Amino acid sequence: MSDKAILELDGKKFEFPVFKGPENETAIDISTLRGSTNGVITLDPGFKNTGSCESKITFLDGEKGILRHRGYAIEELTKKASFLEVAFLVIFGELPTKAELKKFEDDIKSHSLVNEEMKDIVVGFPKSAHPMGMLSSFTSALTSFNPGVVDINSKEDMYNAIVKILGKFPVLATWAHRRNHGLPLNYADNSLGYIENLMQLMFKIPTEDYKINPIAVKALDELLILHEDHEQNCSTSTVRIVGSSGAGLFASLAAGVSALWGPLHGGANQAVIEMLEAIQKDGGDVAKYIAKAKDKNDPFRLMGFGHRVYKNFDPRARIIKNAADELFEDLNLNDPILDIAKHLEEVALKDEYFAERKLYPNVDFYSGIIYRALGIPVSMFTVMFAIGRLPGWIAQWKEMRENGEPIGRPRQLYTGETLRSFLPFEKR
Ligand code: ACO
């Protein structure tokens, strides 16, 4: 392919350099377009064709269904590494040595105590509040308890902010759930690993022993690894763009949590279970819901299906489907919802509508089934996603800062009224 692209406009030719990444991805660098053409911009709603940055963190090929972090295949990472090991890789670029991982884990633990005054904020929320709304607010509130700005030239400052948020985030996330259910707000237990601790934070009640099931821990660890990063998705782009204004890490992450909440993004895992339950209540008529999803006059969409980038199987969905099968076998569980999901997938994949549009199950299609089997309430599903995605958001924010990226500020094509005279009340 040529190393330059030529644009012809009003009889004039403009040249733009063409870049290729190590995976042969091609990008036309149009950063000089506006300047050289006297104000012409590109129009790309939803940024379907726009690369907003260069990144070394995650490679994904949506046509082939490939996902790699720092060059390592997601299939290998989920089987061979722990959640914090992958977090270290994603954030710092290399797999940690044993000593580095131990230090990272210990440093995170040293920040697992949240300021007691934060509890006033937690109980200030009504019990009916959605945990994602609470989590976004708690993350933002952390900024007030830690007003210092991270000096991006200080590796130590950056590292401290990273281990601090990784330590406090699971506590805050589970406090949202505890508030919903009127339960005492648990403290972290630093004798436990990250995932075990997450489970006791969420489920342990002071009057009873809480036994952590290693099968559940393994399933949750794998599931959260699968969520760690996914390059420039809606919430990650939000984190990068908020951070590009100079806003701090915690404020940028709070915005990421809000972006993830939407049903077209991370909120889909909750929407999938609600859809599967509705199908079950309705007698399990899968064909009826497939027909609804295809009907352009019906707003219903098959939740957990389709992806902006994957036009093939989402590799994470394959892994999660197998993990769900393994978990159900290991725990000797049976959930009719899993059977409905498999039936729905089978019928959809054979259907021309889904085939033509290359709509496959995405990461959210089976993840809720695992969360449900682990006893995690539906309202917490997207919060679990946020806990999983936290390392990716941190890595992307750090990379954006270290690259010295300019403030994110897209242009627009104005389509409103041209200049008109002000109308007094009697003429409106
Ligand atoms: N059910 C039915 N039809 C669908 C679905 C679906 N789940 N997804 C896409 N389509 C159809 C659209 O109606 C459109 O049809 P048309 O060409 O006849 O108009 C075509 O497929 C393309 O869809 P778009 O919405 O243009 O694709 P886009 O890339 O903008 O959206 C998205 C991707 C938001 C994920 C979409 O597939 C969707 O809404 N899926 C359901 C929600 C979901 O599962 N979200 C989680 C995504 S994964 C994540 O964020 C973690």
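A backbone N or O atom of Leu 264 lies 3.1 Å from a nitrogen atom of the ligand. That is a polar contact, a pair of N or O atoms within 3.5 Å; within protein, one must be able to donate a hydrogen and the other to accept it, and residues adjacent in sequence count only if both atoms are side-chain atoms. This is a predicted model: local features need pLDDT of at least 70, side-chain atom pairs count only at pLDDT 80 or more, and totals for chains, interfaces and linings use all residues. Residues are numbered from 1 along each chain as its sequence is written, and side-chain values use heavy atoms, with hydrogens and water left out.

An N or O atom in the side chain of Tyr 353 is 2.8 Å from a ligand nitrogen. Arg 357 places a polar side-chain atom 2.9 Å from a ligand oxygen. Taken alone, the ligand exposes 920 Å², and the protein buries 77% of that. These areas come from the Shrake-Rupley method with a 1.4 Å probe; for residues, only the protein chains shown count as cover.

There are 21 residues around the ligand, each with a heavy atom within 4 Å of it. Arg 301, Leu 302, Gly 304, Arg 308 and Tyr 353 come nearest. The shell divides into 10 nonpolar, 5 polar and 6 charged residues. Here Ala, Val, Leu, Ile, Met, Phe, Trp, Tyr, Cys and Pro count as nonpolar, Asp, Glu, Lys and Arg as charged, and the others, Gly among them, as polar.

**Salt bridges**

The structure holds 21 salt bridges. Each is a side-chain nitrogen of Lys or Arg within 4 Å of a carboxyl oxygen of Asp or Glu. Three of them are listed here.

| Pair | Closest N to O |
|---|---|
| Lys 80 and Glu 76 | 2.7 Å |
| Asp 325 and Lys 342 | 2.7 Å |

Lys 80 and Glu 76 both sit in helix α2 (residues 74-80), 4 residues apart, about one turn of the helix. Helices (H or I, at least four residues) are DSSP runs, numbered from the N terminus. Lys 80 counts as exposed, because its relative accessibility is 61%. Glu 76, at 39%, counts as partly exposed. Buried means under 20% relative accessible area, exposed over 50%, partly exposed in between (1.4 Å probe, protein chains only).

Glu 402 and Lys 398 lie in helix α18 (residues 381-402); they are 4 residues apart, so about one helical turn separates them. Lys 398 counts as buried, at 10% relative accessibility.

Finally, a network of salt bridges links Arg 240, Glu 399 and Glu 405.

Methods. Helix = DSSP H or I, 4+ residues; strand = E, 2+ residues; numbered from the N terminus.
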